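This briefing walks through a few parts of the structure shown below. Please keep the sequence and the 3D view at hand while reading.

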Amino acid sequence: MPTLLLAVILCGCAKEPEPSQPQADTQMRIISMAPNLTEILFVLGVDDEIVGVTKYSTYPPQAKEITSIGTFWQPDIEAVLMCKPTLVLTLGFEQQTTLAHRLEKIGCETQSLDIESISGLYEALSVIGSKVNKSEQAQKLVSAIQNKQKELTDRYASSDKIKVLWVVQRQPLRVAGTKTFANELIEIAGGINAISDTINVYPPIGNEEFIGSMPDVIIEPSMDSEQIQTQKATAREFYQRFSVVPAVANDRIYVIDGDLASRLGPRLAEAMQKVADCLRPEGEE
Amino acid sequence: MTLTPQKLVLRSILAGVVLLGVMAACVWIGSQDVSLADVLKGPGVEGSPNIQYIIFMQERLPRICLAAIVGAALACAGVVFQAILRNPLADPYILGVSSGAGLGSIVAVLFSGTVIYGRIAGHFSWIAEATGMSSLMIMAFVGAMLTVWLVWVIGRVTGRTHVTGLLLAGVVVNAFFSALIMFLLSIARARQLQSTMFWLMGHMMLPENPLMVWFSGGVVLLGIVCLLMLGNSLNILSFGSDDAQSLGVPVKRTCFLAFGCAALITSVAVSLSGLIGFVGLVVPHAVRLVVGPDHRLLIPLSAIAGASFLVVADTIARVIIAPAILPVGVITALVGGPFFLILLIRYTKNIQWGPA
């Protein structure tokens with residue numbers, strides 16, 4: 001038993017330099033179950049209170065030093081318990097809600113967040129803000145992103161819509177459909193998704209549909225931050241066979257940081273700007 | 001045996017005409033509207049290309065041909081495996097092709113970003129450049145051939161009860177490699193998983209170089225012709241290898257040749273399309289139910305029927321949830337199962353089960 005206790009303490013205190021025991025009441029012990037939740041916690045300034053994050057929580061860099069509790073689709077409940085959390089933030093999908101229920105039964109507080117759209121993110125930010133007593137910061141962040149959204153929406157409201165294909169995977173081609181937040185990003189930047197409604201959220205499409213959709217711009221979120229360069233290098237080669245597509249003919253294929261563009265997190269304003277830059281490179285209206 | 005060459009040729013031509021009819025019909029079905037008039041306008045001039053023509057010539061027509069090639073290869077290989085293994089449950093994947101190819105493709109997807117893989121792949125990049133095939137296709141082909149070779153060697157070691165040994169070796173190697181696949185999938189990242197799952201459910205992949213479609217077609221055709229020439233030996237072999245031996249059939253050589261050809265065309269098919277189930281199992285049985293168990297007829301007709309079936313299945317997969325596509329393996333299983341059961345009920349009265 002003593003060794004177990006020691007392990008718990010070591011595990012929990014990996015980052016904090018000797019926290020004094022009495023602080024335990026005020027100091028929260030938070031576990032984030034997804035990379036974007038980790039980013040939110042850091043931005044709200046509660047980094048000292050995060051005791052566990054999921055694998056691939058790569059941003060900000062400090063997040064990599066925090067104890068890993070498994071991947072976000074296969075979290076390890078024992079690792080979660082070892083961190084002695086007082087609050088576990090989860091996303092609203094099967095594996096995570098199941099885990100949340102089990103944690104609740106054990107007596108650990110959880111908060112499930114549905115972050116599937118931009119409005120969902122705003123809501124989640126204020127919920128997390130109040131949970132960790134940082135409502136003011138959360139509100140500031142929300143209005144900063146909202147301002148960016150309004151600025152871009154207003155700027156491109158009357159300009160011609162640019163047809164965009166958001167390619168998440170090449171083999172087979174898989175793109176972001178109309179019910180994704182990538183679609184929201186495209187529309188904010190004055191674009192329109194080249195793919196119409198489908199039953200899939202991220203539909204796999206055939207080459208025929210790819211050509212037929214005639215996108216003006218192709219945006220590829222990279223697998224992760226490190227792979228942008230490799231992906232850029234292979235993009236030209238991969239798309240050359242579709243040279244009738246305007247985006248390919250005019251060399252308008254953009255690989256953007258997937259950690260930025262595929263996560264609904266606090267850096268969303270940056271992502272919005274990035275997508276807008278891809279659609280209108282010289283700031284043309 | 002009352003099969004005359006005239007009868008054989010006549011029936012094959014008849015079936016071939018049906019296949020061409022199916023292909024001619026399916027080529028006008030797709031997510032994009034393309035009419036004959038559009039295609040006849042030609043490729044268009046520089047600056048304003050004719051999109052319909054390009055879609056038709058570069059994507060749809062090659063894909064239909066590809067489906068026909070794969071379907072023919074799988075159905076034909078199915079017939080042969082059922083014959084040499086004397087087992088009605090045999091399909092082209094039974095001797096490890098599926099798991100070997102699966103392992104190869106997953107390695108290609110998972111490790112494509114790593115330095116070591118890049119260095120090794122760099123040595124072989126000339127293959128990719130010459131053939132226009134992606135590393136996934138090449139790895140799938142190599143994986144399939146290596147696994148079949150492994151199974152063959154193990155089967156040989158087991159000696160006299162050749163067929164049983166081969167079958168068991170195949171099943172166990174399949175199971176073991178499937179376990180490896182499961183392991184790799186469980187450590188894969190979500191997005192890599194998507195790509196691999198689609199492959200495992202069967203998905204037509206056009207090689208970048210259109211010549212590759214014709215080359216694969218040529219290899220498959222050659223394989224089918226070789227198997228056709230073994231047709232009579234396969235007929236005799238289905239009485240059992242001892243009887244065949246005493247009737248003057250070189251059992252070992254026939255088995256080896258048939259096995260090699262079938263494995264080769266299956267590997268080609270798998271590297272082009274992933275794992276499409278059901279075609280190699282259902283089509284041979286369906287054809288056998290209709291025309292009887294003579295391999296000289298069974299092999300060409302199965303090839304043609306398999307080709308037609310997969311062309312139709314792939315067309316459905318392309319358009320049923322347009323603009324998205326379904327993995328074609330889903331369609332072959334959904335359509336193939338009930339279709340086979342109907343045939344089974346209608347024709348079972350006077351049928352001899354399997355080639356055994």
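**Briefing**

In chain A, Gly45(A) sits in the loop that runs between helix 2 (35–43) and strand 2 (50–52). The model is predicted.

- Gly45(A) counts as exposed because 11 other C-beta atoms lie within 10 Å, and the limit for an exposed residue is 12 or fewer.
- Leaving aside residues up to four places away in sequence, Gly45(A) touches Lys134(A) and Gln137(A).
- Gln137(A) is 92 residues from Gly45(A) along the chain, and 8.5 Å separates the C-alpha atoms of the two.

**Domains of chain A**

- Chain A is divided into domain 1 (2–113) and domain 2 (158–279).
- Where these domains of chain A meet, seven residues of domain 1 are in contact with eight residues of domain 2.
- The side of domain 1 of chain A that touches domain 2 of chain A has four nonpolar, two polar and one charged residues.

**Contact between chains A and B**

- Chain B gives 25 residues to the contact, and chain A gives 25 residues.
- On the side of chain B that touches chain A, the elements giving two or more residues are helix 3 (51–84) and helix 9 (190–200) of chain B.
- That side of chain B is made up of 12 nonpolar, eight polar and five charged residues.

**Helix 3 and helix 13 of chain B**

- Two packed helices are described by the angle between their axes and the distance between the axes.
- For helix 3 of chain B and helix 13 (residues 251–273) of chain B, the axes come within 9 Å and cross at roughly 150 degrees.
- The crossing of helix 3 of chain B with helix 13 of chain B is left-handed.
- Residues making this contact include Leu66(B), Val70(B) and Phe81(B) of helix 3 of chain B, and Phe259(B), Ile265(B) and Leu272(B) of helix 13 of chain B.
- By class, the contact of these two helices of chain B has 17 nonpolar, two polar and no charged residues.

**The largest nonpolar core**

- The largest nonpolar core has 181 residues, of which Ala72(B), Ala73(B), Cys76(B) and Ile265(B) touch the most other members.
- Helix 3 of chain B supplies the largest share of this core, 21 residues.
- Domain 1 (2–113) and domain 2 (158–279) of chain A each give at least three residues to this core.
- Among the residues that Ala72(B) touches, not counting those up to four places away in sequence, are Val220(B), Ile224(B) and Ala303(B).

Methods
Residues are numbered from 1 along each chain as its sequence is written. Chains are lettered from A and ligands numbered from 1 in the order in which they are written. This is a predicted model: local features need pLDDT of at least 70, side-chain atom pairs count only at pLDDT 80 or more; totals for chains, interfaces and linings use all residues. Helices (H or I, at least four residues) and strands (E, at least two) are DSSP runs, numbered from the N terminus. A residue is buried if 20 or more other C-beta atoms lie within 10 Å of its own, exposed if 12 or fewer, and partly exposed in between; C-beta atoms are placed from the backbone. Two residues are in contact if their C-beta atoms, placed from the backbone, lie within 7 Å. Ala, Val, Leu, Ile, Met, Phe, Trp, Tyr, Cys and Pro count as nonpolar, Asp, Glu, Lys and Arg as charged, and the others, Gly among them, as polar. Axes are lines fitted to C-alpha atoms, for helices over the stretch in contact, and angles run from 0 to 180 degrees between N-to-C directions. A crossing is left-handed if the near helix is turned anticlockwise from the far one by less than a right angle, and right-handed if clockwise. A nonpolar core is a set of buried Ala, Val, Leu, Ile, Met, Phe, Trp, Tyr and Cys residues joined through C-beta atoms within 7 Å. Domain bounds come from an automatic or database domain assignment.
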